[in-house]
Structures are given as structure tokens and as C-alpha cells.
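Biologist: I would like to learn how to read an interface between two chains. Can we go through one together?

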Number of protein chains: 2
Amino acid sequence: MTMLRRARLEALSDSERRRLTRRSVIPDPSVAERTAEICRRVERGGDSVVAELAGRLGGGWRQVSSEELDAAVAALNPDIRSALEAAIRAVAAVHSPQLPTDTETTTVPGVSVTRVWAPLRRVGAYVPGGKAVYPSTVVMTVVPAVVAGVAEIVVVSPEHDGRLPEVMAAACRLAGATEVWAGGGAQAIAALAYGTETMRPVDKIVGPGNAYVTAAKLAVFGTCAIDLPAGPSEVLVIADDTADPRLVAVDLLCQAEHGPDSPAVLVTTDASLVDRVDSAIAAWLPDLERADILAKALSDHGVAVIAESRQAAMAFAEEYAAEHVSVMTRDPEADAAEIRSAGSVYVGPWAPESAGDYATGANHVLPTGGLARACGPLSVTDFGSWRQVQRIDRGGLERLAPTISALATAEGLTAHRLAAEIRLEIDRETA
Amino acid sequence: MTMLRRARLEALSDSERRRLTRRSVIPDPSVAERTAEICRRVERGGDSVVAELAGRLGGGWRQVSSEELDAAVAALNPDIRSALEAAIRAVAAVHSPQLPTDTETTTVPGVSVTRVWAPLRRVGAYVPGGKAVYPSTVVMTVVPAVVAGVAEIVVVSPEHDGRLPEVMAAACRLAGATEVWAGGGAQAIAALAYGTETMRPVDKIVGPGNAYVTAAKLAVFGTCAIDLPAGPSEVLVIADDTADPRLVAVDLLCQAEHGPDSPAVLVTTDASLVDRVDSAIAAWLPDLERADILAKALSDHGVAVIAESRQAAMAFAEEYAAEHVSVMTRDPEADAAEIRSAGSVYVGPWAPESAGDYATGANHVLPTGGLARACGPLSVTDFGSWRQVQRIDRGGLERLAPTISALATAEGLTAHRLAAEIRLEIDRETA
């Protein structure tokens, strides 16, 4: 039974290879245009527009009360509560060392530049919902903000059947959100960015979402900051003849479970492994919920790339720059060390992607669509910002003056030169 | 003579105050739409489209040869060369301590998460030009990339009279750019993001630009990464009755010199200072080039905000979140320490903004339009990315399994649970 499409790496044309590796998270132009219009309407109309759009598109729009959050925690299944608390502890442990330290540099005597980091004041975390619930994403977006020291942490997530699901409300409370709103889609992003009569605007919006949410984040970037545009989740598994095909199969299925447009890529030097993985996928399917959807997702967005050499396989993986990379090879440490462009890397057979999604303490808000070439996981530094503080005394300015004057002259900016020269001149006059 | 519009802080309505502080760098919708169309055309059509647009809109499109760069350095005025070299040394000194270090955290026995940083492979730095030249911006965008260890550093800047100005070419060579292109506008940004027949795509685009460049960066964010959308440069000066009005005046003029839409804001508790600053501005103007333009820029985008108390003045400054903040007060250290939302802070009378633009070693590519609430200066970390590497052994996975199973069940993701459980099951079978 053929579950995965095959592609022989060396037989691919340049444009086929490019099509396979260069993807993007940019929503199509019609989504971007409709979303920009939604954002403009929310900016002008506030709560009533958000409520009207929520009535039409779903998601709701209201703040969840503190009592509801407490009640949700009290009603929470004890196993899920323990699991959430374990996840929160792990994420806090991994993220705490990310807190940056200030540095001071004296460039010439009398001139110093200090880099000072401070937490943001108010952030918005968007957590998708509607059909499914993602309490783990609450943990991943809220705990780093708590570690950073953000005072106001606002979670916004769509309601389901007229309310925010209890497990979501409980996760918000346990993780440390200070404000929780039921709301969804582009209108919720616009409300966070521009503010409404009831929502104070945030300084930054983080978290994953569908194409509309992503387009809205891009539309408001500039009014507030954003983390990243997010595309469908994706995995790339590097495996050789030593890999257990059942583990490769289940890790690919895991990805397909994220959604019908989630790429699941197997890269291998062993063509026969692909057949064995196919059989294992077919064998697992009956045990899984939504088997039809998984099978369709894998046949639409799954691919097995067969390379003639380890080097070629590794080069392809690097070029692909996947969100998640699993390494199940003879020497997973050596191979993992060669992968530079990846959000999260799982080394060896004991490290399933789902461990990182929930439990290792790594962040699961990750770059997709090839952005792993340039961006990393959500981190504590996303929840603060740097400023440069420059201290200069009279002697320092004298030392810098020739540089300032020469460059200001080269750029034709006379007032820039004057600003330095006049200070020294006034000082000479009054001396 | 009235140069600066006055605003009494306590007399402002909420909406007036909001209009004064909440600005944005998002280009207007028509610019965004035209730019998105340009980007789509370049994506499909490559070099010929870029060349056609360059013919119509200017900027050129060609790689500057290594010989041209060498010749530009050889022909460079020695004072400007020394100044560029001093600026490069200072920027390298301030940016080198920003190189991050990897961390490893063991969350439970048998489970570790290592955060590994690596420089990007290929970045594009856009440096504006056309009418003026900004060799200092070449230094600010290239040197941090060199410090980060980026292998391919591509500078793109518009040509002037059919060539890249000599001082720009020389600055590129001295700073360490590996590839230099004459090119400008949205079409150059699209070429960097999508690649053409002659330009290999970059992983990230950094650097300032006009509304078209900014709109293009937002349009391609997702295909590649970007630093920030950039708006007009801006300064906020905090001054009290101890400030020398001539220094306040020259620092505001300095900002006006950046462009006709550059906000220059004075915040003070001393209404009489504003009159003295006005007189000083009028006195300086005859000495400066383009006096008419400076006067118009200040009258259009300059404002003196008069507050009744130090606290009110500081709160306004924080709310404004300026790119540049100059502190000329009785106790500049204490006041500067209270400013959290700012790109670059200048402490006391000896620290003109132009020193930071050119010579202190601080970066002058900074957040504008209020983005300083959430973003900092361009830094070494903009030129690299993190990945998380997760190592788990059998015992570690056993410890994580209850967390993974409970959260996967809560989220309805059966394959996620199976991925962990099956590993332990297979191991028990084979034991």
C-alpha cells in the first residue's frame, strides 16, 4: 500500500526541488485583503465591530471572569492538572536561563554604551481553538512571558459552544495569564493591536493561528510588534536503514494529525525503508481517530525523499528548514549537529515530537514555512526589549567629534555636525 | 518667533493624547497594495521585471564589482576613511558582547533541552539612498552581521546618477559586505526575498527604508524574515529649567534634518524653556543648509509638550516610546533610568543624538512609530537564530509519558499519545 509519495532527490529538476523546499507562510492575497479590511473596521469601530464579526464568523468576544477561571481549575481532571503543572514547571526551567543580562561597553574613554533589557508591559497571546483545544499552547505562550516578568499577559482564544472550554480557562489560570478573553480570528488580533472600548492595546502579539490570524498579525505589525507569521505545522524525519519503521510511521502520523495541510517529510538514503514505513502507517491507521483524514493528509502533504548519499540527504534537510526535525539514524548526534535550520530537533529513537509538544520544556511555538532559516522558537527574549543607553562626558565627545563631523559631512547633515561641535564650543566660551 | 507647536499635557483630551502618542509605521493601504503587486510581479518575472521597474522608478539593478569596491576605497577621502574605520571599530566593540551562548537544561533525569545559536547563512541589508548617502547605515547593518559570523552579507542600495555613490561602495567594502548591489525600492526587497536569475534569495532582510521599502518588507515577511517595519526617524527630548536651550534646539533640528516627516518632541515642565528653544532654533537656522525645509519640518512635526510635573512628563515620554530619547535635566541619570520604552537613550548634555548615529558604537537602526514599546535596536542576535535540541533516553521518556498522554488526550490527538507509548511498548516487547 502506498501512503507516501516518493521523490528521488537526484532526479528532481531545480524547479521541482525549489517547489519542494521553498514554501511560505504568506496567506494568499485575497485572505490578506479581506483581513486588512477587517482590521481597518475594528480600528475605527471598536467593540461593536468585533462583536458583529464574532457573530458572523464565530469566536465570541468577552472577557472571562476571574471566577470562571477559578471554577475551571477546581473542576479540572486531576491527571490533566498534574500534566499541565508538569509542563509549566518544565517550560519555566528551560526558559529561565534565557533571561538576558545587561552589558556595558566603553568604546573610548568617556563614552559608554549600556544595553538594558526590560520586560514588555502588556502582551497578547493568541491561542487557536474553535474545533480543538490547545491548553499546551497556553503554557507555551504564557509561561515565557511570566519568566520575562511581563505585568499584563492577555490570552485570547475562541469560544466553543458559547464559552471558553474549561481546560483552556484552567490552563490560563495555572500558567499565569492576567487577563483571559474569548475571541478569535482577525477581529481579535485587530482588537489586541488597536484596542477597543474594553480592550487596552497590547505592545506585542504572539502565538499561532490560521491564515486569517496570520494575515491579521502581518496587517497590524507596525502598530504593535508580532512574533512571527505562522503556517501549517511540519515535520522532517531523517532516517536510515537502522530506523524502526514503526517509529518513523507514528511520527509522520503525529504530524498529519496537526491538520490536513501539514507537511510530513521523510528523508532517507534507504528506499526500502519507505516501503516499510508505508506498511507501518497502514497498520497504525485503524487504531487512530480520524483515520481517513490522516490518510488523506499524508497522501496530500506527505513525501518520502530518497537520497543517494548521507550528504545529499543532510543538504536537503538543511534546505527544507523544517519546524520539527527528527533524527533516527545510525549516529543521530552527529547528524543532528549538522542541522542548523530547524525550530526543534529530536535526537534518536527515544525523542518523539510529541514529547517536545507537551513535556520537555522546549517551546512548541516554532518557525514554519522555511522561516527556520532565520528564526527560532518563541523565547523569553520575545517578551522583553533592549534599549541602548549612551553616556558621554566632555572628553568623550572631544574624542568622537572628528568621526561625527566627517560622517555628518559625508551625509550632508549639517545639524548633526553642529550638535557635536556646538557643545564643545559653548564649553570653551564659558570656560 | 514660534517654531514649535505647544501642547499642555494636562489639557489634552484622551483622543488628542492618543493621537500624539499612538502612531504607527504601517504604510497607507494604497502603498501596501501597489507594493504587494510589485512583489508578486518580481516573484514571477525575476530580473527583467526588476530592471523594468528600476527603469521606471529608479534605483538601478546590477551587482557592483569587486574592482569598483576596491577603487572606491582607494579614492576615499582620508578623513572619511578614518571616521568609517572608527565607527566600524566602535560598532564591533559594542556588538561583540551580544554574541549569545548556548545553554543546556535537564528538566527531568534523561531529558535535556539544549538551545543552540548559529549565524544566518545569507542576509540582505537595505540601505536607503537615491538623494542622500548613508555610509553610516552600511556600518550599522553590516558590522553586526560580520560579528555574528554571517557568511554572505548582501548590501542593496539605490544608485545615483547611474552608479552607487563612491562613499557607499567604500563603506560596504570596509564594513565587510560580501556582495553589493545597486538597486532600490520595493522591487529590490522582492528580489532579495524571492531571488531572481542573478540574485540568490536571502534568509532575512534588515535595514531602514521609505514607505515602499517598508511595505515590501511586510509583504515578503514569511518568505524570508525581516527585522522591523521602519517609519520616519523621531526624537523626544526631556528637558527642565537646567537645560541649555541651544542644545535642545540643535538636537531638535538634528531630527528635522532626517526628513520632513520626522517627529521632534520636546517634553518639559518649564514653559519658558520652550520660548528660549524657539529663539535658539531661529538663531541656528541661518547657519544650516536647507533652512526652509528644517523650519517646515519642525513646524509640521515638532511639538513642545508642557507637563505640570516631572512624573507627568516621564509618563508621557514612556507612552510615546520614541526611537531616540535625550535627557537634559537636573538628574539625567535618574530620569534616564525610568525610561523603559526607547530605542536609544542619551544621558545628559554631552550626549548628542548624532554621536549615537555615527560614533558611540550603538546601533542606529532602531524601532520607530511606537515599536520601541516592544522592540530594540538592530543587534547581533538579529543575524542568527536559535534551535532547540532535545535529547531523551528511555527513562526520560518514561518520566514524560504521563504528561504527554494526559495532554494529548485533552487535545484529542491520539497519534501524539501513541508516539510516546509505542516506544515504551516496543521496548518492553523486545526486552
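Modeller: Start with a definition. Buried area is the accessible area that two parts lose on being put together, summed over both. Here the model is predicted.

Biologist: What is the area buried between chain B and chain A?

Modeller: About 11100 Å² is buried between chain B and chain A. Carbon and sulfur atoms give 60% of that area.

Biologist: How many residues of chain B are in contact with chain A?

Modeller: Contact means heavy atoms within 4.5 Å. By that cut-off, 133 residues of chain B touch 133 residues of chain A.

Biologist: How do I read the relation between the copies? By what turn can chain B be laid on chain A?

Modeller: A turn of 180 degrees does it, with a shift of 0.0 Å along the axis. The RMSD is 0.0 Å. The two copies are thus related as by a two-fold rotation axis. The same surface serves both copies, since 100% of the contact residues of chain B recur in chain A.

Biologist: Which residue of chain B comes closest to the rotation axis?

Modeller: B:Leu218 does, with its C-alpha at 3.4 Å.

Biologist: On to charges. How many salt bridges are there between chain B and chain A?

Modeller: A salt bridge needs a side-chain nitrogen of Lys or Arg within 4 Å of a carboxyl oxygen of Asp or Glu. The count between chain B and chain A is 8. One salt bridge joins A:Glu318 to B:Arg121, with the closest N and O atoms 2.8 Å apart.

Biologist: And aromatic rings?

Modeller: A pair of aromatic rings is described by the distance of the centres and the angle of the planes. Over all chains, the structure holds 5 aromatic pairs. A:Phe221 and B:Phe221 form a tilted pair, 6.0 Å centre to centre, with 45 degrees between the planes. This pair crosses between chains. In each chain, Phe221 lies in the loop between helix H9 (211–220) and strand S9 (225–226).

Biologist: Are A:Phe221 and B:Phe221 buried or exposed?

Modeller: Both A:Phe221 and B:Phe221 are buried. Now take B:Trp61 and B:Trp181, a tilted pair at 4.7 Å centre to centre and 35 degrees between the planes. B:Trp61 lies in strand S2 of chain B and B:Trp181 in strand S7 of chain B, so the pair ties together parts that are 120 residues apart in sequence. B:Trp61 and B:Trp181 are buried too.

Biologist: Where does the charged end of A:Arg23 sit?

Modeller: It sits over the ring of A:Tyr320, 3.6 Å from the ring centre. In chain B, the charged end of B:Arg115 sits over the ring of B:Trp386, 4.0 Å from its centre.

Technical notes. Residues numbered from 1 in each chain as written. Chains lettered and ligands numbered in written order. Predicted model: local features only at pLDDT ≥ 70, side-chain atom pairs only at ≥ 80, totals over all residues. Heavy atoms only, no water. Least-squares fit on C-alpha atoms with pLDDT ≥ 70 in both. Phe/Tyr/Trp six-rings, centres within 6.5 Å; stacked < 30°, edge-to-face > 60°. Helix = DSSP H or I, 4+ residues; strand = E, 2+ residues; numbered from the N terminus. Buried < 20%, exposed > 50% of the residue type's maximum accessible area, 1.4 Å probe, protein only. Lys NZ or Arg CZ within 6 Å of the ring centre and 35° of its normal. Buried area = accessible area lost by both parts, 1.4 Å probe.
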